[in-house]
Amino acid sequence: MLIINKYLPVPKQTDSEFWTIERLEHIRQLAQTGEPHQIFTSRRNSLRILDRVEFRVAETKITREPSADTSISFKGISMTSPLYLGDMSYGALSGNPNIAIAEAADLTGTLAGTGEGGLHPEVAKHKRIFVQWASARFGVDVDVLNAGLGVVIKIGQGAKPGIGGHLPGSKVTEPISKTRRIPVGMDAISPAPHHDIYSIEDLGQRIEALKELTGKPVFVKVAATNYIPYVVSGIARMKADGVIIDGHGAGTGATPAVIRDNVGIPIELAVASADSVLKREGLRDNFTIIAAGRVGDATDAAKLIALGADVVSVGTGALVAMGCVMVHKCHIGSCPTALTNKIDGTRIMETEFGTKMLVNFVRGFSLELANILDNLHLSSVSELKGRRDLLYGYGLSRDTLEILGIQGEVEELNPKLGELWTRRRKNALHDLINKGEPSLTSMGSTAPPDVEKPARILDWLRSDGAQVTRPSIDPYREDIDTSFLLKGGELYLSLPVMFDVTNSPQEYTQAFAWASLALGTLVFSVEAVHPFEEVSLSSDGKGIATWSTKPALGNYFVPEDLEEMEELANEGEVPGFILDEDVMGEDIELVISDADLRLKEAGVRNRYDLIAKSSRLRDSSDVFKLVALGADSVIMPYSVLEVAIGEGSKGNLKERAFNLISGIRKEIALLAGSAGIYSIQSSLTGNRELLRAVNLNSYVARRIRVRQAGSL
């Protein structure tokens, strides 16, 4: 057995990361010394909103013995520092890290969350823990619920809003099987909703029942999603003692990449809006907000407290303190630092090492927080809570500054700042074409706009995840209807996606046509693909449907601009319009949204199909968001498959085209289920309310009529 009791070297980072070498090294310094090192770090070049918010402070001094008091108390629980060592389950972590976290909380007078999936026997010996009550109730009984200082009802988490927890079967070894009470080797996939919580009133009953059972404070954990101000208000009205809000980008042991990267909003916007609503409704007193997701250092923590949080949660940071080197392999079970590896006797982290590093980290973190308070001329952390006047924003949109409730320099950013095809997108698609299943990943998101630079307007948009105010739909256990009827019901598509095979090599054309026939969708081409005419949308009149660049009765029309579309829409001779970004010369997001709204205003929207087409579309998230902006279907370029293959073998093209289309359908179903949608066509098309913009240029956001994340 290999015992890990020291830090391993951090590998060179070749892709964009939130957890940069700089952040990792800072945490390691704290963990090795227990002393303060750095505060008020400026990161204005980052696109993360919290990085563009800074304290108004004249000078910075760091001492080993700051005078400010970091202690807080709530519901009879005293903490030396407002630090919650976030909910990481036994199974996602490998046992000893769970023990180290609980021991560190006891030794430092902070709190630790146990996460989903039962309670490790050694963790149960520690008292400064909050025990989680999640949808699957794996290994939970009355003894487990009474083990700690409080109970957390987990509705959702930031890395996978609207879907349940996911522990791959490869990590369910004998010890995990016993704790979770499930068979060895079986995927532990929690239901998306709690099947006894389908309304805010149901939640209130569960809160009251758990209080009666345990006599302990009950918190509710939710992901930061579109309606987070109302969700938190409802939780407070149902007499919960507090909420854990988990923001977009929070880490996890396993999640579909399409969910992690496209659902939920940043914690800073969620905390600011939730705090504002609670104050407005008279619900803020005696209610505790724990802010989670990408808390990288004490400066992040102080900003979130100034925006309205009481406590901050550190999950990934705690793992880094124990040695995590950020290789994003938690879900595979082969963690080189023995933190998230499967329990098979080959590798283990020394508990004493993990505990020592974590205790030092908490002490160093707390000393940095105290130094921040000293520099702000505040005597205690309680004086910092809600002090938005101490913050100033740089390079944020007018809307974002308003939601945060702070002053700042307004900058409406160019939506197109990055490259269209990042390594991350290519790798996810490569995984999709080889497996036909949504790509699983781990740790926090690196998606735009927070980490990678956005290349399209779509990259600034986030989808909703159903939390408390409406139930999510379990895409693993329930059928979600991704089909679309076009041309007045004459055309059936199993998903709102076609592939453009115009000018594609013959082998790609045949592969996509074959896969489209097998999976119930179409290919777009000039000439109908032989012998696949029944799935060809072509301009030669030989396919199942016809398109043309000149108006013709019964043909889909490709206009040069929206004025041409409007003029023809008044005549009612075509079934719909193919709006081609490459023809119209304007971003397809703007074109589709404008077209949808113009036809609605004319009262004829339901008479016409709007099909979005572009050579610059990439994946299922692009499709999902375009449908929400008003598209009835999306034509993607065949080159997506070329990009996914990369430099690899071009063999098995039919199988790979099949996997691509099938995988896209499954990813769209995941996004729909997360948002609480059963039928894509009836509930998603033109439903902009399911989208939020993250610091998107205010003028662009207004044009596409998508509200900013955190807005009421």
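A: Asp310 and Arg284 form a salt bridge, with 2.7 Å between their closest N and O atoms; the term stands for a side-chain nitrogen of Lys or Arg within 4 Å of a carboxyl oxygen of Asp or Glu. The two residues are 26 apart and link distant parts of the chain: Asp310 lies in the loop between helix H9 (298–307) and strand S15 (311–314), Arg284 in the loop between H8 and strand S14 (288–292). Helices (H or I, at least four residues) and strands (E, at least two) are DSSP runs, numbered from the N terminus. Both Asp310 and Arg284 are buried, where buried is under 20% relative accessible area, exposed over 50% and partly exposed in between (1.4 Å probe, protein chains only).

The model is predicted: local features need pLDDT of at least 70 and side-chain atom pairs count only at pLDDT 80 or more, while totals for chains, interfaces and linings use all residues. Residues are numbered from 1 along each chain as its sequence is written, and side-chain values use heavy atoms, leaving out hydrogens and water.

A second salt bridge joins Arg388 to Asp275, at 2.9 Å from N to O. Here 113 residues separate the partners, with Arg388 in the loop between helix H11 (351–375) and strand S17 (391–396) and Asp275 in helix H8 (residues 267–280). Arg388 and Asp275 are both buried. A network of salt bridges links Asp275, Lys279, Arg284, Asp310, Lys385 and Arg388.

Asp474 and Arg477 form a further salt bridge, their closest N and O atoms lying 2.7 Å apart. Asp474 counts as buried because its relative accessibility is 2%, whereas Arg477, at 48%, counts as partly exposed. The count of salt bridges comes to 53.

Now the sheet. Its 3 strands form an open sheet of mixed pairing in the order S2-S17-S18; two strands pair if DSSP finds at least two bridges between them. Strand S2 (53–55) and strand S18 (407–410) are the edge strands, each pairing on one side only. Neighbouring strands are turned by 20° against each other on average, direction ignored. S17 and S18 pair in the parallel sense over 4 bridges, and Tyr394 has Glu409 in S18 as its bridge partner. H9 packs on this sheet, touching S2 and S17, and its direction makes about 90° with that of S2. Contact means heavy atoms within 4.5 Å; axes are lines fitted to C-alpha atoms, for helices over the stretch in contact, and angles run from 0 to 180 degrees between N-to-C directions.
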